[in-house]
Amino acid sequence: MEATLQARAFSHLLDAFAASGGQPPAQRWLWLEAAHVMGQTRLGLHWQAHRHMLAYARELGDRREIAGQWLRLALVPLGHLLQ
């Protein structure tokens with residue numbers, strides 16, 4: 001996928017997440033998961049997806065998800081180096 005198109009789609013998904021404030025958490029996670037899938041082939045977008053996931057986990061007070069997102073953030077650069 002062209003980098004510019006990919007970045008625009010990624011931004012659209014994050015904007016949709018931001019606009020979904022009235023939805024239940026399980027539905028809101030779907031926007032972040034879709035952004036993650038869209039951005040996982042590019043280091044910057046992949047990192048940004050996990051930063052948003054970490055922020056949302058913190059907002060929810062979900063300690064297990066917070067720990068998981070910290071781990072993923074630590075592994076993102078390694079994963080991209082090994083691609």
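The structure is a predicted model, in which local features need pLDDT of at least 70 and side-chain atom pairs count only at pLDDT 80 or more, while totals for chains, interfaces and linings use all residues. Residues are numbered from 1 along each chain as its sequence is written, and side-chain values use heavy atoms, with hydrogens and water left out.

Just after α3, Gly 61 takes a positive phi of about 75°.

Several residues of α3 are buried, namely Leu 45, His 46, Ala 49, His 50, Met 53, Leu 54, Tyr 56 and Ala 57. Buried means under 20% relative accessible area, exposed means over 50%, and partly exposed lies in between, with a 1.4 Å probe and protein chains only. What covers the buried residues of α3 includes α1 (3-19), α2 (25-39) and α4 (63-81).

How do these neighbours lie against α3? Two packed helices are described by the angle between their axes and the distance between the axes; the axes are lines fitted to C-alpha atoms, for helices over the stretch in contact, and the angles run from 0 to 180 degrees between N-to-C directions. For α1 and α3 the angle is about 5° and the axes are 11 Å apart, and the two helices are therefore roughly parallel to each other, a description used for angles under 35 degrees, whereas angles over 145 count as roughly antiparallel. On the α1 side the contact (heavy atoms within 4.5 Å) is made by Gln 6, Ala 7, Phe 10, Leu 14 and Phe 17, and on the α3 side by Leu 45, Gln 48, Ala 49, His 52 and Tyr 56.

With α4 the angle is about 170°, and the axes of α3 and α4 are 9 Å apart, so that these two helices are roughly antiparallel to each other. Among the residues that meet here are His 50, Met 53 and Leu 54 in α3 and Gln 69, Leu 73 and Val 76 in α4.

Although Met 53 and Gln 69 are 16 residues apart in sequence, they are 6.8 Å apart in space, C-alpha to C-alpha. His 50, also in helix α3, counts as buried at 4% relative accessibility, and its contacts, again not counting residues up to four places away in sequence, are with His 36, Gln 69, Arg 72, Leu 73 and Val 76.

The C-alpha atoms of His 50 and Leu 75, which are 25 residues apart along the chain, are separated by 11 Å.

Finally, there is the largest nonpolar core, with 15 residues, of which Phe 10, Leu 14, Trp 29, Leu 32, Ala 35 and Tyr 56 touch the most other members; a nonpolar core is a set of buried Ala, Val, Leu, Ile, Met, Phe, Trp, Tyr and Cys residues joined through side-chain atoms within 4.5 Å. The helices α1, α2, α3 and α4 each supply at least two residues of this core, and its largest share, 6 residues, comes from α3.

Key
Helix = DSSP H or I, 4+ residues; strand = E, 2+ residues; numbered from the N terminus. Parallel < 35°, antiparallel > 145°, perpendicular 65-115°, else oblique.
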